[in-house]
Amino acid sequence: MSAAQPVEKARLADVLKAPGYLKTLLTGAFVGIPVSLVSFWFLAGMRELQQALWSSLPRAFGWDTAPWWWPLPLLLISGVLVGLVVTHLTGAGGHIPANGLAAGGASTAVLPGVVLAAAASLPLGAVLGPEAPLIALGGGLALLLRDLTRGPATPQNTMLLGAAGAAAAVAAIFGSPLIAAVLLIELVGLGGVRLFAVMLPAMLSAGVGALVFTGFGRWTGLETGGLAMKPPGTFTRLDAPDVAWGLLIAVIVAVVQHRAMATGRAVAAYVAGRPLVRTALCALGAGVCAAVYALVTGRSPEEVASSGQAALAALMADPGAWGTGALIAVLLCKSAGYALCLGSLRGGPVFPALFLGAAMGLLLSPLPGLDLVPAVAAGLAAGTAGVLRLPVSSAVLVTVLLGSVPVTPLIILAVVTSLITTELLPAGKPRPAG
């Protein structure tokens, strides 16, 4: 034990015994209830509005599905509305998605703009997810409840309650308090670059070491007698081609994701000059991407003009329904629409990255010796890590999402590979404010 450890332990005990901290803990537990309920109704409202605009309304006009041109007016309207929020409301509608995912800086003043910008973006076809608005909504609601109950507005209290509210909201969207806890630890920057530098080799070692216990090729693995759950499906063991091709997929996805984020930052810089007009133009451009996809493939334009959450579920449920041409088309069109939305509309970058990573894995799964499950796992892990830039959160999120224990080592290796690839690529334009 180092000399610093007893001191740190004593400091932790002092923090836990402090009356103000215990009160903050109780307040955090209390705010989890209303924040979770509001988050649920926010997500439910966004889903119902999207269903009405993309399914019910086309049927009311006599179409079985949305026609190819349907995204054009919806995304043009979205761009105009978001542009108005950006130019007229406090906080410019919230965080710019091209900057990745962020926590901290929660404020009650920006809540109206965040909610309105998200409502104008997500249901109307933005290629973005709901996670970023939910983090801002959860943190802002927690502070609003503190103000209503006249709680202390100290910097420490503001940081802790903002993080607590954000965690409750993240748990609602990802369906796991574990993901929320790990994500918030990394998002708020505990440990900074030092944590990042320590975790990469640790995760790499853990991923390689796990192959010893789970098995690799003809190596049957070692039985540790630890806690284990049998995942659904028929995939049981990684083989050498699974790992080799999986790492190549991770590199490809990381490069594609890096290019999308860099383009998104360039779009954000362009939009900042004339927010109202240029936000509308970029949103319309995303609509063109969805319309082109529908014209070329004969499939629904919503597969491009959406967060990808529903399409990802359909992709995983029936991979055979997507031919090679459809996969290439959705990768090209959704990536282009994603980049435009990253810099112009409001939402989160994670869900489209998950879909694009899974689609790339599915496209490359026919490679010799490569199984579908590790191909998709590598794509999911690389896509998530490329946008989050958070190693532990990315690995935990994909592992929980996929629920396949045998591919966990590959998920970790793909996360590390994606992060290293992303960091070594040219940085591109600096991140815009927001």
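Trainee: How many helices and strands does the protein have?

Mentor: The predicted model has 16 helices and zero strands. Of its 434 residues, 47% count as buried.

Trainee: What share of the accessible surface belongs to carbon and sulfur atoms?

Mentor: The share is 70%, out of an accessible surface of about 19,600 Å².

Trainee: Which members of the largest nonpolar core touch the most other members?

Mentor: A nonpolar core is a set of buried residues joined through side-chain atoms within 4.5 Å. Here the largest core holds 101 residues, and those touching the most other members are Phe174, Leu315, Trp322, Tyr338, Val350 and Phe355. Beyond its neighbours within four places in sequence, Phe355 contacts Leu315 and Trp322, together with Gly308, Ala311, Leu312, Val330 and Lys334.

Trainee: How many cavities of 30 Å³ or more are there, and what lines the largest cavity?

Mentor: A cavity is a space where the probe fits but cannot get out. The count is two cavities of 30 Å³ or more. The largest cavity has about 60 Å³ of space, and its lining consists of Val253, Val256, Gln257, Leu331, Ala353, Leu356, Gly357 and Met360. Two or more of these residues come from each of α9 (240–273) and α13 (350–364), with α13 giving the most, four residues. By class, six lining residues are nonpolar, two are polar and none is charged.

Trainee: Which residues line the second largest cavity?

Mentor: That cavity, with a volume of about 40 Å³, is lined by Leu101, Phe174, Ile179, Leu183, Val350, Leu388, Ser393 and Leu397. At least two lining residues come from each of α7 (177–187) and α15 (391–402). The lining has seven nonpolar residues, one polar and no charged.

Trainee: What is the class make-up of the lining of the second largest pocket?

Mentor: A pocket, in contrast to a cavity, is an open set of points. The second largest pocket holds about 600 Å³ of space. Its lining comprises 25 residues, of which Arg47, Gln50, Ser307, Gln309 and Ala310 are the closest to its centre. By class, 13 are nonpolar, nine polar and three charged. Both α2 (19–60) and α11 (309–317) supply at least two lining residues, and α2 gives the most, with eight.

Methods. Residues are numbered from 1 along each chain as its sequence is written. This is a predicted model: local features need pLDDT of at least 70, side-chain atom pairs count only at pLDDT 80 or more; totals for chains, interfaces and linings use all residues. Side-chain values use heavy atoms; hydrogens and water are left out. Buried means under 20% relative accessible area, exposed over 50%, partly exposed in between (1.4 Å probe, protein chains only). Contact means heavy atoms within 4.5 Å. On a 1 Å grid over the protein atoms alone, a cavity is a set of points where a 1.4 Å probe fits but cannot get out, and a pocket is an open set with protein on both sides within 12 Å along at least five of seven lines; lining residues have an atom within 4 Å of a point. Grid points are joined across faces, edges and corners, and a volume is the space filled by probe spheres set on the points. Ala, Val, Leu, Ile, Met, Phe, Trp, Tyr, Cys and Pro count as nonpolar, Asp, Glu, Lys and Arg as charged, and the others, Gly among them, as polar. Accessible areas come from the Shrake-Rupley method with a 1.4 Å probe; for residues, only the protein chains shown count as cover.
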